[in-house]
Every structure is written in structure tokens, then in C-alpha cells.
Amino acid sequence: MVAGTIDIHVHSDPDSAKRSIDAIDIAKLARSRGMRGIVLKNHYDPTASLAFIVRKLVPDLEVFGGIDLNLTVGGINVAAVEHMTEVSGGWGRVVWMPTFDSENQVRVSKQNRPFVSVSRGGDLLPAVKEVISLIARHRLVLATGHSSAEEGLMLIREARRQGVQHIVVTHAMNSPIRMTILQMKEAAQQGAYIEFVYNSLLGSRPAFTIGEYAEAIRNVGPQFCILSSDLGQAGNPLHPDGLAAFFALLRGQGFTEAEINRMTKENPAQLLGLTSP
């Protein structure tokens with residue numbers, strides 16, 4: 001049911017948060033289910049080196065890492081991104097703008113602590129533009145992180161201006177991003193993929209219903225959407241099981257196999273610079 005898919009949002013151990021499985025074991029599980037690839041995400045530690053190790057231990061699976069520009073890596077740190085591109089193997093592929101340490105996240109959460117800004121006065125900060133230049137030069141993926149909807153659109157416009165070819169709006173509907181359907185459509189028209197994650201359908205008070213997801217995907221268009229798990233949390237399903245459940249729910253909403261394949265195989269492959277299945 002998940003054969004050939006690529007999950008671009010995989011949390012795993014080692015991490016400072018409690019995780020249900022480590023990176024090696026989730027790679028083995030993904031391979032056993034016939035998945036094509038995974039992207040290892042960590043909010044606070046770069047994962048390019050981890051991807052290198054996992055690929056050695058679990059061949060025949062496309063494993064990528066990245067860097068999330070939170071406080072632990074120095075925020076919008078050009079040197080850290082440059083270093084990631086030089087890590088053995090070249091499997092550091094994704095640059096997430098700040099997530100839990102983003103100014104938008106901290107303000108929406110009403111926290112009083114340091115944060116990482118990406119814009120000021122309606123314009124992106126110079127360091128952000130420099131990071132985007134690096135992303136373009138090394139053909140990396142720009143992920144918008146937990147930036148506000150407006151900041152996300154600013155990032156996408158600047159990325160396109162600088163020639164970035166691979167862009168994804170990180171779980172666009174989720175708080176603290178909260179893109180509207182119109183904003184998601186604008187992002188897609190600017191060349192970004194829109195990510196929808198299964199994790200947000202879970203729990204006793206899920207963030208969204210499958211009907212709300214289906215409406216948004218229909219309006220944006222499956223050709224512009226990516227489905228991922230955002231799993232790895234203790235107590236949640238493991239990633240392949242979550243994806244299979246996600247696909248089943250979408251079939252129940254009338255999505256065809258071709259549409260699901262587009263959102264889980266073709267679009268993630270294009271985002272990561274891989275050949276289409």
C-alpha cells in the first residue's frame with residue numbers, strides 16, 4: 001500500500017524528544033514495505049551525517065537529511081548550511097526555515113523566550129536571502145518551516161527570484177502557519193509544493209478532519225501537493241502504517257490511485273531532485 005512512496009517528514013531517534021523508533025530501524029521498516037525513500041527531520045540537529053550512515057546500513061532506500069535553522073544551529077546560519085552541503089555523501093538535501101524557535105511560533109504560542117526571525121518590516125532579513133542563495137546554488141530544497149503564511153509567501157517569491165527549483169510549504173494548514181486555501185494556491189502558482197501531514201489527523205482532538213484536508217487538496221490541486229507522515233512520536237503509528245491509513249482516508253474522499261501516487265511518489269521525487277517513478 002505504500003510501495004514506491006517517499007515520506008519527506010520522518011522524525012526518529014536519536015532526538016531530544018521522545019521518538020518511537022530510531023533512524024536505522026525506520027529505514028529498514030520503510031524498505032521492507034517497499035518505500036522508495038525518507039527524509040530524516042530533526043528540529044535541533046542536522047541530519048545529513050545520519051542519512052549517510054543509514055544509507056550504508058540500509059541500502060536500496062533513498063535516505064536524505066537536512067538542517068532546521070533553529071537556535072541550536074545558530075538560527076539563520078549561512079555557515080551551517082554551507083557545511084551541510086559538504087558533509088560526506090551529499091545527502092543533506094532540505095533546509096527548513098526555523099520551526100519551534102521561529103518568531104512566528106514563539107509569538108503564536110505566547111512564549112517569552114529567544115526566537116529566530118526571518119523577516120522584519122515586511123522584508124526578508126539579509127541572512128535569509130543569503131541562505132536562499134546557497135539553496136539555489138546547491139540545488140537544495142527550501143522548506144518554509146513554521147514561518148507565518150505571509151512570510152512563507154515572501155520566502156517562496158525570493159526563492160523563485162534567485163532560481164530555487166525545489167520548494168515546499170511545511171504542513172501549510174497547521175498552526176502556526178495557517179495558510180488559507182487562497183494562500184496555498186498562490187504558493188503553488190509560485191512553484192511550491194504544499195505539504196499535508198497525517199499526524200494532524202490524529203489524537204482525541206485532531207487539528208483537522210480528513211474532509212478539511214480533502215477540500216484543500218481539491219482546491220489546490222493534487223499536482224501541487226505532497227502527503228507525508230510527520231510521525232515518529234511516542235504513541236503514534238509508525239510512518240508506513242500512518243501513510244497507509246492516510247491514503248485509505250483519502251480514497252474514502254474520492255481520490256484516485258493516480259492522484260495519491262502523484263502526491264506520494266511523483267511530487268516528492270521531483271522535490272528531492274530524483275527521477276520520476
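Helices and strands here are DSSP runs, numbered from the N terminus. The model is predicted.

**Entry 1: His-146.** I started with its place in the fold. His-146 sits in the loop that runs between strand 7 (141–143) and helix 6 (149–161). Is His-146 buried or exposed? I found a relative accessible area of 4%, so His-146 is buried.

The His-146 side chain comes to 3.4 Å from the backbone oxygen of Thr-99. Thr-99 is also on the list of residues that His-146 touches, leaving out those up to four places away in sequence. That list includes Met-97, Pro-98, Phe-100 and Ser-102. Further along the sequence I noted His-171, Pro-176 and Ile-177 among the contacts.

**Entry 2: the largest cavity.** How many cavities of 30 Å³ or more are there? I counted two. The largest holds about 80 Å³ of space. Which strands supply at least two residues each to its lining? I noted strand 1 (6–10), strand 4 (92–96) and strand 7. Ile-8, His-9, Val-94, Trp-96, Val-141 and Ala-143 are among the lining residues. By class, I have nine nonpolar, two polar and one charged.

**Entry 3: the second largest cavity.** This one holds about 30 Å³. Its lining includes Ser-102 and Asn-104, both of which His-146 touches. Ser-147 and Glu-151 also line the second largest cavity, as do Val-116, Ser-117 and Val-118. I recorded two nonpolar, four polar and two charged residues in this lining.

Terms used
Residues numbered from 1 in each chain as written. Predicted model: local features only at pLDDT ≥ 70, side-chain atom pairs only at ≥ 80, totals over all residues. Heavy atoms only, no water. Helix = DSSP H or I, 4+ residues; strand = E, 2+ residues; numbered from the N terminus. Buried < 20%, exposed > 50% of the residue type's maximum accessible area, 1.4 Å probe, protein only. Polar contact = N/O pair within 3.5 Å; in protein donor to acceptor, adjacent residues only side chain to side chain. Contact = heavy atoms within 4.5 Å. 1 Å grid on protein atoms, 1.4 Å probe; cavity = no way out; pocket = protein on both sides within 12 Å on 5 of 7 lines; lining within 4 Å. Points joined across faces, edges and corners; volume = space filled by probe spheres on them. Nonpolar A, V, L, I, M, F, W, Y, C, P; charged D, E, K, R; others polar.
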